[in-house]
Amino acid sequence: MSQTNLQQEWLQQIQASEDLTILDDLRVHLLGKNGLVTQQLKTLGALAPEERKAKGAEINAIKDQIALAIEEKKTLLEAQALESRLDNEKIDITLPSRPESMGKIHPLSKAIQDITQYFSQVGFQVFDGPHIESQELNFDALNIPAHHPARQNHDTFYVAGSDEVLRTHTSPVQIRTLRNHKPPIRFLAPGRTFRSDYDATHTPMFHQIEGVVIEEGINFGHLKGTLIDFCRWFFENPNMNLRFRPSFFPFTEPSAEVDISWKNDKWLEVLGCGMIHPTVLQNCGVDPNQFQGFAFGMGAERLTMLKYGINDIRSFYDGDTRWLDLYGFGAQS
Ligand code: DAH
């Protein structure tokens with residue numbers, strides 16, 4: 001094969017190389033230490049000086065041309081390899097994301113939110129008070145004197161070295177609010193309360209929802225109507241029967257406990273209520289001859305357990321996400 005033909009064939013082989021490995025093998029085959037072009041250079045020594053010069057220039061030109069062709073082809077193959085990598089490793093952002101745990105709203109939070117919303121629609125504002133409360137507000141101002149048995153019934157947590165307690169009920173918010181806001185007023189006071197008690201229906205920290213209405217001419221009929229409507233709405237049963245059972249609370253007179261008729265006609269207690277005691281009104285600077293009112297206090301956990309069929313109050317506070325997946329609510333529901 002003539003030199004020109006050989007040269008053409010080598011250039012074609014370079015062009016035909018499909019990847020960088022084949023191209024590099026070809027480079028070694030042509031320009032390597034024992035490569036075909038290198039071998040030709042080695043034959044120059046046997047030639048006469050005149051001939052050697054001309055042949056040498058010719059072979060070196062071929063060598064340069066081949067080296068250049070290999071270099072160009074290499075640049076091209078590298079660019080193609082990069083392009084195909086970019087193509088293959090492309091992230092398809094149109095794919096749906098993997099399912100993620102979204103978290104749930106605790107059934108107790110849901111119940112408190114729902115109840116607050118319900119009462120806000122009939123004109124109740126929302127007030128709060130501190131968890132650490134003076135005995136004056138937690139007991140005395142609510143007409144529970146120091147040696148009254150009702151104080152002992154509360155299983156109170158006392159704060160060491162002070163006159164304060166962890167509030168045993170939300171009722172002190174009645175005093176705080178009425179001392180700062182003049183009636184007529186309707187308000188709700190949901191919040192945390194504390195008693196030293198622990199079993200399937202009691203935890204040392206729990207929640208109550210206090211409700212108060214004080215206006216001129218309020219009577220027990222208003223109290224009954226409000227609570228009957230509320231229970232029928234909350235338990236989603238428009239025919240639910242309620243029983244107002246006479247009871248005693250130092251801060252209401254008369255007082256009642258409310259039972260709802262539950263499955264197979266069992267009566268279940270759900271809250272305490274009554275007409276606000278005149279002494280309590282006076283303790284807040286409200287004239288009992290002008291204003292009358294009613295109040296109620298309900299256990300938020302108890303209402304939630306009844307509504308959603310949860311039978312151990314301690315499960316509310318276990319922090320078990322499997323439980324929350326089962327009983328919790330999505331943000332929209
Ligand atoms: N504070 C009472 C308790 O914790 C509940 C209660 C009963 C609140 C009657 C009231 C009420 O406002 O009128 O046992």
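How far is an oxygen atom of the ligand from a polar backbone atom of Phe296? The separation is 3.4 Å. This is a predicted model, in which local features need pLDDT of at least 70 and side-chain atom pairs count only at pLDDT 80 or more, while totals for chains, interfaces and linings use all residues. Residues are numbered from 1 along each chain as its sequence is written, and side-chain values use heavy atoms, with hydrogens and water left out.

**The ligand**

The ligand is surrounded by 15 residues, where a residue counts as near a molecule if one of its heavy atoms lies within 4 Å of it. The closest are His169, Ser171, Arg195, Gln208 and Glu210. The table lists polar contacts, meaning pairs of N or O atoms within 3.5 Å; within protein, one atom must be able to donate a hydrogen and the other to accept it, and residues adjacent in sequence count only if both atoms are side-chain atoms.

| Residue atom | Ligand atom | Distance |
|---|---|---|
| Ser171, polar side-chain atom | nitrogen | 3.0 Å |
| Gln208, side-chain N or O atom | oxygen | 2.9 Å |
| Phe296, polar backbone atom | oxygen | 3.4 Å |

**The sheet**

Helices (H or I, at least four residues) and strands (E, at least two) are DSSP runs, numbered from the N terminus. Two strands pair if DSSP finds at least two bridges between them. Seven strands form an open sheet with mixed pairing, in the order 1-4-5-9-8-7-6. Its edge strands, each pairing on one side only, are strand 1 (125-126) and strand 6 (242-249). Strands of a sheet pair through backbone hydrogen bonds, either parallel or antiparallel.

Strand 5 covers residues 205-215; ten of its eleven residues are buried, so the strand is largely enclosed by the rest of the structure. Buried means under 20% relative accessible area, exposed means over 50%, and partly exposed lies in between (1.4 Å probe, protein chains only). Strand 5 runs antiparallel to strand 4 (residues 185-194), and ten bridges join the two. It is also antiparallel to strand 9, over eight bridges. Ile209 of strand 5 stands opposite Pro190, and Ile209 also stands opposite Met298 in strand 9.

At the other end of the strand order, strand 6 pairs with strand 7 (residues 252-261) in the antiparallel sense over seven bridges. Arg245 has Glu257 of strand 7 as its bridge partner. Asp259 is also found in strand 7, and its relative accessibility is 2%, so Asp259 counts as buried. The side chains of Asp259 and Arg245 make a polar contact at 2.9 Å. Contact in general means heavy atoms within 4.5 Å. Leaving aside neighbours within four places in sequence, Asp259 is in contact with residues including Asn241, Leu242, Trp267 and Glu269.

**The helices**

Helix 9 (residues 220-234) lies across strand 6, strand 7, strand 8 (267-276) and strand 9 (292-299), and runs at about 125° to strand 6. For such angles, axes are lines fitted to C-alpha atoms, for helices over the stretch in contact, and values run from 0 to 180 degrees between N-to-C directions.

Helix 5 (residues 107-120) has 14 residues; at 1.5 Å a residue it should span 20 Å, and its end C-alpha atoms are 20 Å apart, which agrees. The expected span is 1.5 Å times one less than the number of residues. Ten of the 14 residues are buried, so helix 5 is largely enclosed by the rest of the structure. Among the buried residues are Pro107, Leu108, Asp114 and Phe119.

Leu6 lies in helix 1 (residues 3-16). Its relative accessibility is 22%, so Leu6 counts as partly exposed.
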